[in-house]
Amino acid sequence: YNFDGAMRYQHSGDQAVYAPNTEGGPKADAEKYKDVAWPTEAGEIARYAYTKHRDDDDFIQVNDFWNKALNDIDRDHMVNNIVGHASAPEVEDDMKVRVADYWRDVDPELGARVAKGLGNGG
């Protein structure tokens, strides 16, 4: 994941530098980057996988934002902003479907409105 990282001055092109991706970019190598632990007098210092809580997901905060913080006008602006960016000529049709699906995971109404704005139905 350090590909094109900090202090890197040679850009190698348009390859994605995050994972997972659809561009054939880097993949995690569990053998190369194993978890490391350090013994101390007070106990072990280590990096462990995060244990998710019941409410942990990628969408709960933006769902609260959409449903609790925005009024109808702000919701219209948010949909228009998403649709405007995802309607750029370089955005392919399969990506537009994925954009709508992503926002549907946030809130079904939001996803339906984005899909409709992108011409993917509702």
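1. Helices here are DSSP runs of H or I with at least four residues, numbered from the N terminus. On that basis, Asp 93 lies in helix α3, which spans residues 93-106. The model under discussion is predicted.

2. Overall architecture. The protein contains four helices and two strands, and its elements follow the order β-β-α-α-α-α from the N terminus. Of its 122 residues, 20% count as buried. Among contacts with a separation of 6 or more, 34% are between residues 24 or more positions apart.

3. Surface. The accessible surface of the protein is about 9,800 Å², and carbon and sulfur atoms account for 52% of this area.

4. Lys 96. Helix α3 also holds Lys 96. Which side chain of opposite charge is nearest to Lys 96? That side chain is Asp 93, 4.1 Å away. Lys 96 is buried but has no salt bridge; the criterion for such a bridge is a separation within 4 Å.

5. Surroundings of Lys 96. With neighbours within four places in sequence set aside, Lys 96 is in contact with Ala 86, Ser 87, Val 91, Leu 118 and Asn 120.

Conventions. Residues are numbered from 1 along each chain as its sequence is written. This is a predicted model: local features need pLDDT of at least 70, side-chain atom pairs count only at pLDDT 80 or more; totals for chains, interfaces and linings use all residues. Side-chain values use heavy atoms; hydrogens and water are left out. Buried means under 20% relative accessible area, exposed over 50%, partly exposed in between (1.4 Å probe, protein chains only). Lys and Arg count as positive and Asp and Glu as negative; His and the chain ends are not counted. Contact means heavy atoms within 4.5 Å. Accessible areas come from the Shrake-Rupley method with a 1.4 Å probe; for residues, only the protein chains shown count as cover.
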